[in-house]
Amino acid sequence: MTRSTTRNALIALAALVVLLALPHLGGGEKLADYIIFAAAWGLLATGLNLLIGYTGLISFGHAMFFASGAYSFGAIMQAQIMPVPLAIVAALIITGAIAALIGAICVRLSEIYFAFLTLAFQMFFHSILLSWVDVTGGDNGLLGGIPTPVFFGVDLNQPEHLYAFCVTVTVLAMYLMHRIVSSPFGFTLRMIRDNERRAIFLGVNVFAVKLTCFVLSAVFSSVGGIILALFISGAYPDFAFWTTSGEAIFMVMLGGLTNFFGPILGALILTGLNDIVVTYTDHYGLFLGGIILLFSLGLRKGVLDFVKPGGRKSTPAQPTADAKEATHADA
Amino acid sequence: MTTTMLSAQGLCSYYGLSQVLFDMSLSVERGETLALLGRNGAGKSTTMKSLMGVLKPARGATQYGGKTISGWRPERVARAGVGYVPEDRQVFAELTVEDNLLMGAKAGTKGQRDWTLERIYDTFPMLTPLKSRQAGLLSGGEQQMLSLARTLMGNPDLLLLDEPSEGLAPLIVEQIGHVLKDLRAGGLTIVLAEQNMRFCLDLATNAVVIDHGTAVFSGAIDALMADQALIDKYLSV
Amino acid sequence: MTNHKLNTGRRRFLKTGAATAMALSAPAILRAEGTGAIRVGMPTILSGVVSILGESSVAGAKLVFDEFNASGGLDGRKIELITRDSRAKPEEAAKAVRDLVNGDGCNIILDAEASSGSFAVQEVIKSIGALCLHTVSEATPLSADPALHAPTAFRSARQGIHDAIGGGAYAAAVAKEKGLKRWATCSPDYAYGRTTTAEFMEYAKYFNSDIEVIGQAWPKLFQPDYTEVITRILQWRPDALYSALWGGDLVSFIDQANLYALFDQTETFSVNLGDYPVLTAVEQLPNGMRSGSRYNKVVPNTPENNAFYDAYVAKFGTLPTNWSWENATAATFVIEALKDVGTDDPVKLAEAIRGRTIASPFGVDGTLTMRAEDHTLTGYAVGYGVTTAEEPFMKDFHTSSWEQILELEADWKKRQGFA
Amino acid sequence: MEPAALLDCLTSLSCVVTQTTSGLIIGMLFFLVAAGLTLIFGVLGIVNFAHGAFYMVGAYLAYSAYQVTGSYLVAVLAGGFGAAILGVLFERFAIRRVYGENVLLQLLVCYGFVLVADDLVQIIWGSEYLSMGMPQAFRLPPVFIAGGIVPPFYIFIITVAAVFAAVLWFIIERTQYGRIIRATAVNPTMVSALGIPTPLIYLSVFALGMFLAGMAGGLAAPIRALTPGMGFSVLIVSFVVTVIGGMGSVTGALVASILIGLVRSYGSIGFPLFVDGLMYVMMGLVLVLKPNGLLGRQEASRP
């Protein structure tokens, strides 16, 4: 272990301790619920950002992996064939396999077409969840709750245990993702994002790298789905609906896609905003839509994009071709 | 009658974060043909773009016909009488030759419509049989003619002509030269950015030499020709 | 995934934490008791395509609670209704319920969620123990399946199987009279549409063995265009058509099928047609379409039900829906139980509601009962009538016999393994 | 799967007539929405996720206009122009600010707009289902052509949509304005350097697209229930149509719309449970095999 990885591990541990202590310092269950919810969404968003922010691939279909994590975990637990930790691993493997299949088809495409194809797959996945009633319960979701037998003395039926478990898994997943993006692999991703041609010249197998990233991104996003499934003791088709992807993308944008912690900050903000808007008004769309418009037309950059300017510059506000024009001109 | 038609002072332009023009200045008199010389990458095209408003200079000012036009959008500059023929021609590949010409059609600043399709086909006879051909299928020389003709359809008072001879066969270059001479004779003011000095000699009266985004010489083209050291330093390949 | 070392560390931490958490969360129940307002939480859908569901649910409950508050409340304690928009997302519904109970101190939840949301709410109720009345979901397993049972959760809504038995018997009789043998169905392609349709046809065949299903169309929920489904049904040339489409989808379907004169050629049984928002939206309601009972001023045609209708319209300016009466009923159960118990302790309230019979404008015999064995509402108006284009929109209403419904329901439960 | 039923249908003239016309009506209404979507993408480079919201607004405005005037024509025009005016405001104050920006930012602007629009519609028109009702002139029994059933109203809609397709084609291929928008799609800078105000072109194309969406909403108002959020399902199909036809190609949108319409009408007989699935599979296949769509433009080739 190098010094910086030791330091990061210590930071992660400290974050975990703080998170575990938080609800007991006066926040109560409301705070715990909020944190679990934001953690689930935050993992989806951070996983997604491995693609968007680090590789420059905009997936509009990540909700399907969020759902596949939740559904496979829930279904395995309902079948009562393995304990929670193994079921999680199995759910991640299943998601990884699905992602590898879909990724192999999608990552060859660029830009908007990649986004559309992932969106198409997601809609297909969603319709399977709805119509394969025997396995998925259709629109009723996985009926009957998700049983969670005690393992290693952890009883997820107790709110305190559930909270501690979810927070631990989240911190662990975040730590692993951080290690990935700061590894040589992470640098390769950024090189592909910034200059794919250069990467090819340098002998990088771009397809393999993109596919690996796609799978990793899907797997981490599915951890978020598993946490949400644990929290509400069920899985529902709307996990795979495009609006779920849309919200995750908004979280990435809101927090900032150039910063590793941007998406999770975005998740914290948006989850909080949702709670506030729903609590104080019946006009969700008006308020949240207004906030989104203000953000996208006013701020334009995520919160953490301001704190730490990343490698990406924003292009001037002119139609696409103008911007293209400027870059291929002489000097 | 010599009045200043177009002048620029202290233009600084950027592509993204990299600066390309540094304090670039020039001035063109009415009816004059000004050659903008310099090596590849010296900043000629950037100067043209900055004058046209296609690229917004970060600093500096441009006056045209007594008005400050820096900061104007290109269409406003064009409507004020400036015609622009870009370096890489930029014909609309999917449109036919005639549609390309019609795209450029507009009245001049005094409402004149001197350039009609007939006159264009007279001036550029090689375009006549190509009328309904897609512009993308034309040869480089034909595209250059088309691009120039398209701009003329807008009846400009001043022509910004960027590297018209680039990559073309000598015969075509010669034809273009003839057309330009006729235009000059008709009273059109021309700013001609070129690497090909020989091409400019016949056409231009004055010259500006650009290097590293700034004007290193400004004066009569004869004076430039006389200064072999300057030519060696900034223009020889 | 789980690291043993981490676990032991956390467990030690948890022990101290758990005690604090208990101390903090337990008073949530205590706090709400006493003299403050009694808080009733309602997660529901207030935005999007089915926002009418939420709006009319809130209105139905509000009508009853406001009246109760105006008459002095529970020894001066008012009932406060707190609503949360779940945007039809089950996870939001679950979180809203937790928040309503833990954060807002609601011991009573009226769950006005569509079926997926109601299953999510049921899971929360199982672990959190508040009193819950599901007021919208007609999904049968919610209360029929013992595996889903929660001691403090009830269904104050139609139960799919009740309508299926009542509707099946009615359809069988009409089929016999008119010689309708070849049946087609057209229902939305999701759990509600599929189970409702299967159960309806099952009982129609049970009562009339001549009935034969010759084709089934399953349009998607919220599909904008039904043309391909309509022309397909035309190809089958059925004698009769059953549909579980509802809401805006049903309005679109009728408008589009009218163009093909579908309803002139087939006898139509549309379980969800008889709801005011649908009836008033369809501009050209074909004559003689048959509908199951939803909410109607004249079903049952009693002064009490007429009075409810009038009060509702006067207060909200809109017509009551099926969801309105279901929520009004839930609110009435809550109030009756509160009067009995005197506090809003969920366990005591649940005891008071279990098996309770209340006087109600919506009961066939003027009463409704919350059946003790499976916490399901019985006694409401089930049956079919012929819809008309003008007020009261329903004629020749045939009320199904509850005796028959209960008998066949018991049998059905056995077959499903629910009893 | 019921291939036998499909075969039966294909060998029966009456069935072919019925299914083909129903395929056309499904397709042509999608086309009106998709045409604007694809035009806006082609010229402005914007994926307009708010398109469905304009369709919805058009339908609601048409409903209100019909309530007041009783004229279907006025209603449809109110839907079209109302949506166009709203489109002008949206372009001027929102979309214009994100041209050339990250596509995610564009999506967010549209997403925010959709949320606000849905909620405002709910506040203004209420959450009840609304139905405009069939205009008196079209309350006719269906006609039988070679044994196939065809509602007169649908003959009207197909005609209107076909006329609009022809007018659009004419505008784009045969007018100066059409030349300008085709050129702007490829090289806006050059267009602007020729003295043509591209911001106005963008604005007008956006307004045209919104006009088409709003008019489609108005045209469909007699046969589709109005609810807040109704634009969404229309949007999804329009996207599929746009992608299959080729983003930016109006002709492609027409071909793909009719294709999708026919697939739906015949598919509902041959493989009823897979009609939606087939749409997505078609879209997926097109994206993999021919990312630019059936008739999509190749990337601008500049000399």
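Student: Before we start, what are the ground rules?

Tutor: This is a predicted model, where local features need pLDDT of at least 70, side-chain atom pairs count only at pLDDT 80 or more, and totals for chains, interfaces and linings use all residues. Residues are numbered from 1 along each chain as its sequence is written, chains are lettered from A and ligands numbered from 1 in the order in which they are written, and side-chain values use heavy atoms, with hydrogens and water left out.

Student: What makes Cys9(D) and Cys15(D) a disulfide?

Tutor: A disulfide is a pair of cysteine sulfur atoms within 2.5 Å. In Cys9(D) and Cys15(D) the sulfurs sit 1.9 Å apart, and a disulfide joins them. Over all chains, the whole structure has one disulfide.

Student: Why is the disulfide of Cys9(D) and Cys15(D) called left-handed?

Tutor: The torsion about its S-S bond is about -95°, so the disulfide of Cys9(D) and Cys15(D) is left-handed.

Student: And how do you know whether Cys9(D) is buried or exposed?

Tutor: Buried means under 20% relative accessible area, exposed means over 50%, and partly exposed is in between (1.4 Å probe, protein chains only). Cys9(D) has 3%, so Cys9(D) is buried.

Student: Let's do helices. How do you know that α4(C) has close to its expected span?

Tutor: Helices are DSSP runs (H or I, at least four residues), strands are runs of E (at least two), and both are numbered from the N terminus. The expected span is 1.5 Å times one less than the number of residues. Helix α4(C), residues 90-102, has 13 residues and reaches 18 Å from its first C-alpha to its last, close to the 18 Å expected.

Student: Why is α4(C) called largely enclosed?

Tutor: Of its 13 residues, 13 are buried, so α4(C) is largely enclosed by the rest of the structure.

Student: What makes α5(C) mostly covered?

Tutor: In α5(C), 11 of the 14 residues are buried. Among them are Phe119(C), Val121(C) and Ile125(C). Helix α5(C), residues 115-128, reaches 20 Å, close to the 20 Å expected. Just after α5(C), Gly129(C) takes a positive phi of about 80°.

Student: How do you describe the way α4(A) and α5(A) meet?

Tutor: Axes are lines fitted to C-alpha atoms, for helices over the stretch in contact, and angles run from 0 to 180 degrees between N-to-C directions. The axes of α4(A), residues 84-106, and α5(A), residues 111-131, come within 10 Å and cross at roughly 140°. On the α4(A) side the contact is made by Ile98(A), Ile102(A), Ile105(A) and Cys106(A), while α5(A) brings Phe114(A), Leu117(A), Thr118(A), Phe121(A) and Phe125(A).

Student: What does Asp33(A) touch, and what makes that a contact?

Tutor: Contact means heavy atoms within 4.5 Å. Leaving out residues up to four places away in sequence, Asp33(A) touches Phe231(A), Lys95(C), Arg98(C) and Asn102(C). Asp33(A) lies in helix α2 (residues 28-55) of chain A. At 5% relative accessibility, Asp33(A) counts as buried.

Student: Which chains share the most contacts?

Tutor: Chains A and D do, of the five pairs of chains in contact. Chains B and C have no contact, and their closest C-alpha atoms are 37 Å apart.

Student: How do you know whether His375(C) and Asp396(C) are buried or exposed?

Tutor: His375(C) has a relative accessible area of 2%, so His375(C) is buried. Asp396(C) is at 56%, so Asp396(C) counts as exposed. His375(C) is in the loop between β12 (367-371) and β13 (376-378) of chain C, and Asp396(C) is in strand β15 of chain C. Neither is a glycine, yet phi is positive in His375(C), at about 55°, and in Asp396(C), at about 50°.

Student: Where are cis peptide bonds found in chain C?

Tutor: One joins Val299(C) and Pro300(C), with omega about -10°. The bond from Glu391(C) to Pro392(C) is cis as well, with omega near 0°. Pro300(C) lies in the loop between β10 (290-292) and α13 (303-316).
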